[in-house]
Structure formats: structure tokens, C-alpha cells
Amino acid sequence: MQKFILLYNSGKRKVPKFPKSSQVDIMLFSEGTYPYVKGGVSSWILQLMKGLPDFTFGVCFVGATPYLDGEPMKISYEFPPNLKHLEVHYLFETEIGGEKPKRRKGDKKAFESVKELYKSFQANRGEIPEMLRDINFYTKDVTFEDFLHSERSWEFLTETYSKNCPDIPFIDYFWTLRNIHKPIWILANIVQGLPKTKIYHSPSTGYAGFLGALASYTNNRPFFLTEHGIYTRERKIDMLSADWIEYRKPALLQVPEDYNYIKKMWINFFDKIGLFCYYRSNHILSLFSGAQKIQIAFGAQEKRTRIIPNGVDVDTLMATMKNREDPPKPIITLIGRVVPIKDIKTFIRAIKIVLEDVPDVEGWIVGAVDEDKEYLRECQQMALSLGLKKEIQHFDGNKSFLSAKEIEDSPDKIKFFGHSDIKTILPKSALQTLTSISEGMPLVILEGFAAGVPCVATDVGSCRDLIEGSIDEEDIAIGHAGAITGIADPNRLAAEYAKLLDFSNGVWHEAQEAALKRVQKYYRQEMFLSDYKKLYDEALDLSWERLDEKLYPREEP
């Protein structure tokens, strides 16, 4: 492993010195994940790099700002030896050009193109404008300074505002339009500085996917897209529930289909750059069949889509079963970030309910606690108010001030562990649970299966496929490795917990057997890595066009 080196930046803040290279085989694009945020997509990126040591990798990280809840973000991983290049960019703290604003007219022809770009973002579907694919549009035709400060830009802003949303405060519209477009110019500048790359690969659409697709257009190299969750749909959930975008017309002036125009602008923007990624991808990969269907519904060409499930290190995790008690203590573990999309509060409510049937039950929450400190506070306060905790736990980043033994020995029914080694947590867990309102294909469910831990999860993402089987008839015949419930249903969760924790009825042992059989047959890490190695080997020495012709031969008229 490479250790990252910390340097001092002007004596103020430590900044890491990252590996740098002028050339890599695979460039991965990370939006708010590796190397700062543990779990999920970050784990997948690390798994891919460590599992394919014959390829050299680069990672281009894009985030909003270098801070999380006011604290500088910290590197969460040691770098594998084949990570040869890492660069970090922030989309909402970066200034382009650095020039003092000055009066400028702006090129008339170029701003006609900006209008077309704006119209394309407003349309729900439709062709991707040619200009989006050409890096010269952003770096030469219309610079970011032109977009921000020129007279033609102001005329464009006021015209679109008057036409589309005069009821909304102009200042809200101005900053929304600015913030929607600003990252596009930043990403174009990033593309110019990337090392020479043979294959671009993004684990999402959004900003990371746009960056990968634009780099592919610019350098004529293959581009792969692997969606872990459906980014466009998740951003719609975020936008429609966001309280920072709250302007609405007065109720009496609304028509039935009317909703916040500012939110609609953001949703259409993410929809459009999602299409941009789909149109450029040689391979549009997903983790399970449900996600593949959504990709097609969102505009992906079916012939380009393919499923490659996640895989886990089954043998290493199975070895932890020697540390398991039989029967295990009634500990239900939720491995995930303490953030609203994981719906930790529903889990806490379910633990309160199941206490009536299983008095010695405990709920362990294992994962990052520093992403949303307000939500962590709310969850702990809920546990206190329900009598499930005696006092608030405190953390230094994601590390508890209490030792793991002190947490385990406490009388609390709800316990927050922060980051912990799952190889020590899973053998102590009778059940694993996910109460999320959105998921892709959770690696933690498979890791739990390999450690002999059944799972109770909400019916989101691929959770039902993993627990009940879906790949083929043999997979379905293996049986249920736990149970599925609806979203935000603590009563149903509690009922399933109680059923599985009654070790006398045989349900838990049957679920454990199904979990072990399913993960060994269908979700081994070796299978996942082999699939990606084949894709990389095929594309490594080909241009985008050559690979596309090979994959999708054009039919003769």
C-alpha cells in the first residue's frame, strides 16, 4: 500500500500529496466518494483497483467543497500500489480564470449556442446538443467569464427569467442558473489537465459521468458507465425533498401540476447530463435487473446495457463464522452512513417495538457519523426519548471516544459504533438490516451473507433480488435469506426481526443457509473482477469508434 504524505500548505492546513502520473490505463471518476468517504461506491472503487493489479488506475475526485459540516475532509484509505494518479477538484469553491470582472459584450453567435444549451437543459428528453460534446465551446467560444459578466449573458438571463418564472425572486433564479452552469465550465477545464488515459470509467452519471463522457469525446477513448444507484432518480428525490429550495407560488395561484420551478431546473439539468453519459457510453452497466430497466426508461439504449453484480471476498468473510455463538445474541446491525436516505430513525423505532417480543435485543449502527451531524443528533435524541439510550455518544470524526468494548458493554439498546471492522462486527450480529429509502446493490448485504448473517431490508434497489433470489430459477429455489418490508414501516420490520430472532422455529437457520448458498454461487468477488477484466482487456487498445463498431456492428442497408 502507498501511504499518502501530508504537507503543510502555507502553514495553515495540511494537504495530502497525491500520486501523479502522465499516463494511466483506467481513469475512474469519483463524485463525493473515494478516497474521502468510506463504504458504498468507495469500497467498489478500491475493490476494483486492488483486484486488478495488472492495470494502472487514476482517480479524479469531484466534490462540492473541501469541508464536511465545517471540518476539512480526511483521506479514508491507504492507496493501492497501482493507483498511479489522484487529483481532487471542488465545484463550488473553484474560481475559473481569476480575473477581476470587467465589462464585455460577449460573442453574439456564441450566445445563440448558450441559448440552445439552456433549452436542452429545460427539455425533458431530446438530442444532446453538438456543442456539449466539444470542449472548445467551454474553453474558447464562451468562457466562464463571458457567461458570468458579459452584457449578452445578462440579456439572456433577464429574457429567460421574464419568460419562464417571473413569480420567483430574480436573485433565486440568478444564483440557480449560475450554480447549474458553473460546474460545466470547471469540468471542461479538468478534462484539459487529465493524464493520457486508455479507458474512462465512471460509477455514476451526474458530474462524474459528465466529466468522463466529455473526456471520452475530447480524446476519442472508450467510456464505461457503471451505475450503482440511478443518479438521476436519486437527485430527483433529493431535489423534491430539499428544504434549501423552498420558494413556491402562493397556494391560490398554483395550478395542480405546478411545483417549485427552481427544483424543476435542477431536475432537468441532471436528467440531461444523464442522457449525455448514456449517449457516449460503450457499456452502460448496472448491478441488477431492476436498475437496468430504469436505465432504459431514462434513455439508455438497451443494446448497450449489461448487468455485472457486485461481488465480495466470500472466503475471508466465511472464516469469521468460527467466532460466532450458536445461537447468536439478538443483535441487529445496520451497516451504513447515518444520513436521512438510510432512514436510521425507522430502525430506531423498530427496535423500540421489537423489545416487547425480544427484551434483550440490541440495535447496532455501524458506519460514518460525520456526514450529517444534525441528523446524527436527531437520531440520538430519538433513542434517548424512547428510552433506548442513557446519554449522547460523542465522536472524533467517525471514531467514537468510547472503545468498542465500552460500547458493547453499555446497557443501551441503540449503539452507534462509527467506522468499525465488519469482520469483528458481523460474527456478533444475529441479523443485518437496511431501512433505506433508496439503494443500488448494497455490498453490505452480500458481506453479511458471506459471514452467515441473514438480512431484513426495505424493498429498494436490489435488496429483494439478493434476499429472495432473482438471477435464475436455481437462485430463487435457494429460498429467502431474510425478509423484505416496505419503506418507513417500523411495525413490519419489528415483526420480521421477532420472527427471525426466535431461534426455536428454524427460520433463522434456514435464512442463514440460503444466504451462504446464494453468495457462494452468484456473488463471489472473483466473478465480478473477471467480468471487468474482460471488458478492460477488450477496450484497452481501441478508440471509442473502433470499440463501438466491434460491440455493435452496423447493419448493412
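**Cysteines, rings and a helix**

Mentor: The sulfur of Cys-455 has its closest cysteine sulfur in Cys-463, at 6.7 Å, which is too far for a bond. This is a predicted model, in which local features need pLDDT of at least 70 and side-chain atom pairs count only at pLDDT 80 or more, while totals for chains, interfaces and linings use all residues. Residues are numbered from 1 along each chain as its sequence is written, and side-chain values use heavy atoms, with hydrogens and water left out.

Trainee: Why does Cys-455 count as buried?

Mentor: Buried means under 20% relative accessible area, with exposed being over 50% and partly exposed in between, using a 1.4 Å probe and protein chains only. Cys-455 has 0% relative accessibility and therefore counts as buried, and Cys-165, at 5%, counts as buried too. Over the protein, buried residues make up 54% of the 557 residues.

Trainee: Why is α7 described as largely enclosed by the rest of the structure?

Mentor: Helices are DSSP runs of H or I with at least four residues, numbered from the N terminus, and α7 covers residues 206-219. Of its 14 residues, 11 are buried, so α7 is largely enclosed by the rest of the structure; among those buried are Tyr-207, Phe-210 and Leu-211.

Trainee: How do you know that the span of α7 is close to the expected one?

Mentor: The expected span is 1.5 Å times one less than the number of residues, which comes to 20 Å for α7, and the helix reaches 20 Å from its first C-alpha to its last. Just after α7, Asn-220 takes a positive phi of about 55 degrees.

Trainee: What makes Arg-280 a charge over the face of Trp-544?

Mentor: The rule asks for NZ of Lys or CZ of Arg within 6 Å of the ring centre and within 35 degrees of the ring normal. Arg-280 lies over the face of Trp-544 at 4.1 Å from the ring centre, and Lys-38 lies over that of Tyr-77 at 4.5 Å.

Methods: A disulfide is a pair of cysteine sulfur atoms within 2.5 Å. Helices (H or I, at least four residues) and strands (E, at least two) are DSSP runs, numbered from the N terminus.
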